[in-house]
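Q: Hi! Could you walk me through this model in plain words?
A: Happy to. Let's bring it up and go piece by piece.

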Amino acid sequence: MAKDQPNLQGRIVIEDLELVQNMLSNREELESLNITVQPHNFMQEQPITGAKVYYLRNVIHNWNDADSKTILSQLSKAMAHDSVLILDEVVMPQLGVSWKQASMDLAMMTMLAAKERTRADFDKLLNGAGLQIREIRTYDEDYGDSLIFAELLTRVDEKFEE
Ligand SMILES: C[S@@+](CC[C@H](N)C(=O)[O-])C[C@H]1O[C@@H](n2cnc3c(N)ncnc32)[C@H](O)[C@@H]1O
């Protein structure tokens, strides 16, 4: 993204566990693109507060609902009212899954006691972490790979502010 959009303003920070980041072979390139690599355990307090965008790709499907709620809650606590969380995940149809979707779901269950989720599953999970879905854009119909745009749950009193 930093390469394709050189005029993009702001900072990009890549967070992951330190032992994983120690395996990065392109640190110099990242530095040259002004991308910071910062160790972080996403089960713990998110150190970057009020970012415009938080982006997680293929992370939530590796975790059960309780752990996913912890990951998402740490993010919602750090988000500002104009922050956006983008989950890049498979969104399963309610009925008629493809064989690719079914095999991915089974792989998540057998390897990690986790799962692929439907829109209703994501609604419930995100709401439980103080978030709500604003929009979903599916970019791969075979797998259902989608960008789920979420924001802080609107408080009832805010809905009537004008
Ligand atoms: C399935 S991989 C997805 C990687 C990448 N986003 C992608 O789409 O290719 C899950 C990622 O979560 C990271 N991860 C696992 N546990 C973590 C934790 N507790 N805190 C931060 N990152 C973690 C892993 O190191 C790995 O990079």
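Q: Before we start, what counts as a helix or a strand here?
A: Helices are DSSP runs of H or I with at least four residues, strands are runs of E with at least two, and both are numbered from the N terminus. Keep in mind that this is a predicted model.

Q: Good. Which helix does G128 lie in?
A: G128 lies in helix α5.

Q: How far is G128 from A78, in sequence and in space?
A: The two are 50 residues apart in sequence, and their C-alpha atoms are 16 Å apart.

Q: What about the span of α3, what should it be and what is it?
A: With 14 residues at 1.5 Å a residue, α3 should span 20 Å, and its end C-alpha atoms are 20 Å apart, so the two agree.

Q: How does α4 do on that count?
A: Helix α4 covers residues 99–112, which is 14 residues. From first C-alpha to last it reaches 19 Å, close to the expected 20 Å.

Q: What happens just after α4?
A: A113 comes there, with a positive phi of about 50°.

Q: Which other residues have a positive phi?
A: N34 is one of them, at about 65°, although it is not a glycine. N58 is another non-glycine case, with a phi of about 50°.

Q: Where are those two asparagines?
A: N34 sits in the loop between α2 (27–32) and β2 (35–39), while N58 is in the loop between β3 and α3.

Q: Buried or exposed?
A: N34 counts as exposed because its relative accessibility is 54%. N58 has a relative accessible area of 33%, so it is partly exposed.

Q: Switching topic: how is the chain divided into domains?
A: The domain assignment gives domain 1 (1–40) and domain 2 (50–154). Taken over C-alpha atoms, their centres are separated by 23 Å.

Q: What volume does the largest pocket have?
A: About 1,600 Å³.

Q: Which elements give two or more residues to its lining?
A: Those are β1 (12–16), β3 (53–57) and α3 (65–78). In total 37 residues line the largest pocket, and I12, V13, I14, V53 and Y55 lie nearest its centre.

Q: Which domains does that lining draw on?
A: Domain 1 and domain 2 each give at least three residues to the lining of the largest pocket.

Q: And what is the lining like by class?
A: It has 23 nonpolar, nine polar and five charged residues.

Q: Last one: where does V97 lie, and what is it in contact with?
A: V97 is in the loop between β4 and α4. Leaving aside neighbours within four places in sequence, V97 is in contact with M92 and A102. V97 is partly exposed, with a relative accessible area of 40%.

Q: How far is V97 from G144?
A: They are 47 residues apart in sequence and 9.4 Å apart in space, C-alpha to C-alpha.

Note on methods: Residues numbered from 1 in each chain as written. Predicted model: local features only at pLDDT ≥ 70, side-chain atom pairs only at ≥ 80, totals over all residues. Heavy atoms only, no water. 1 Å grid on protein atoms, 1.4 Å probe; cavity = no way out; pocket = protein on both sides within 12 Å on 5 of 7 lines; lining within 4 Å. Points joined across faces, edges and corners; volume = space filled by probe spheres on them. Nonpolar A, V, L, I, M, F, W, Y, C, P; charged D, E, K, R; others polar. Domains from an automatic or database assignment. Expected span 1.5 Å × (residues − 1). Buried < 20%, exposed > 50% of the residue type's maximum accessible area, 1.4 Å probe, protein only. Contact = heavy atoms within 4.5 Å.
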